[in-house]
Amino acid sequence: MKKPQNLEELLKYNSLAKSYFNNIPEYVKEEISKRDDKINSFEIMCNYIDKYTEGDN
């Protein structure tokens with residue numbers, strides 16, 4: 001399988017990424033979706049999630 005080119009492809013072909021994405025707060029989904037073209041791996045997606053949820057605890 002080829003490497004995803006963006007968030008949409010990542011979520012379509014990676015069930016772990018999709019499950020993780022579906023369980024994050026809505027405001028984080030919105031922020032991450034704005035960077036769709038920069039997110040092409042689970043690791044990158046997690047880095048963005050960490051960035052936007054920092055301080056939420």
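Mentor: Let us begin with packing. In this predicted model, the buried residues of helix α3 pack against α1 (7-13), α2 (15-22) and α4 (42-53).

Trainee: Which residues of helix α3 are buried?

Mentor: Helix α3 covers residues 26-33, and its buried residues are Val28, Lys29 and Ile32. Viewed down the axis of α3, these buried residues fall within an arc of 105°, so they line one face of the helix.

Trainee: How many helices and strands does the protein chain have?

Mentor: The protein chain has four helices and zero strands. Read from the N terminus, the order of its elements is α-α-α-α.

Trainee: How should I read the radius of gyration of the protein chain?

Mentor: One sets the value against that of a compact globule with the same number of residues. For 57 residues such a globule would have a radius of gyration near 10 Å, and the protein chain has 11 Å, which agrees. Along its principal axes, the C-alpha trace spans about 35 × 20 × 15 Å.

Trainee: What share of the residues counts as buried, and what share of the contacts joins residues 24 or more positions apart?

Mentor: Buried residues make up 32% of the 57 in the protein chain. Among contacts with a separation of 6 or more, 55% are accounted for by residues 24 or more positions apart.

Trainee: Let us turn to single residues. Is lysine 29 buried or exposed?

Mentor: A residue counts as buried when its relative accessible area is under 20%. Lysine 29 has a relative accessibility of 15% and therefore counts as buried. This residue lies in helix α3. Beyond the residues up to four places away in sequence, lysine 29 touches Phe21, Asn22 and Ile24.

Trainee: Where is tyrosine 48 found, and which residues does tyrosine 48 touch?

Mentor: Tyrosine 48 is found in helix α4, and its relative accessible area of 16% makes it buried. Not counting residues up to four places away in sequence, tyrosine 48 touches Ile32, Arg35, Lys38 and Ile39. Ile32 is itself one of the buried residues of helix α3.

Trainee: Where is the place of asparagine 6, and with which residues is asparagine 6 in contact?

Mentor: Asparagine 6 is in the segment before α1. At 17% relative accessibility, asparagine 6 counts as buried. Leaving aside neighbours within four places in sequence, asparagine 6 is in contact with Asp36, Asp37, Ile39 and Asn40. Asparagine 6 and serine 41 are 35 residues apart in sequence, yet their C-alpha atoms are 8.1 Å apart in space.

Trainee: Which residues does asparagine 40 touch in turn?

Mentor: Asparagine 40 is found in the loop between α3 and α4. Apart from residues up to four places away in sequence, asparagine 40 touches Lys3, Pro4, Gln5, Asn6 and Leu10. Asparagine 40 and leucine 11 are 29 residues apart in sequence, and 9.3 Å apart in space from C-alpha to C-alpha.

How values were computed. Residues numbered from 1 in each chain as written. Predicted model: local features only at pLDDT ≥ 70, side-chain atom pairs only at ≥ 80, totals over all residues. Heavy atoms only, no water. Helix = DSSP H or I, 4+ residues; strand = E, 2+ residues; numbered from the N terminus. Rg over C-alpha atoms; globule rule 2.2 N^0.38 Å. Buried < 20%, exposed > 50% of the residue type's maximum accessible area, 1.4 Å probe, protein only. Contact = heavy atoms within 4.5 Å. Arc of directions from axis to C-beta.
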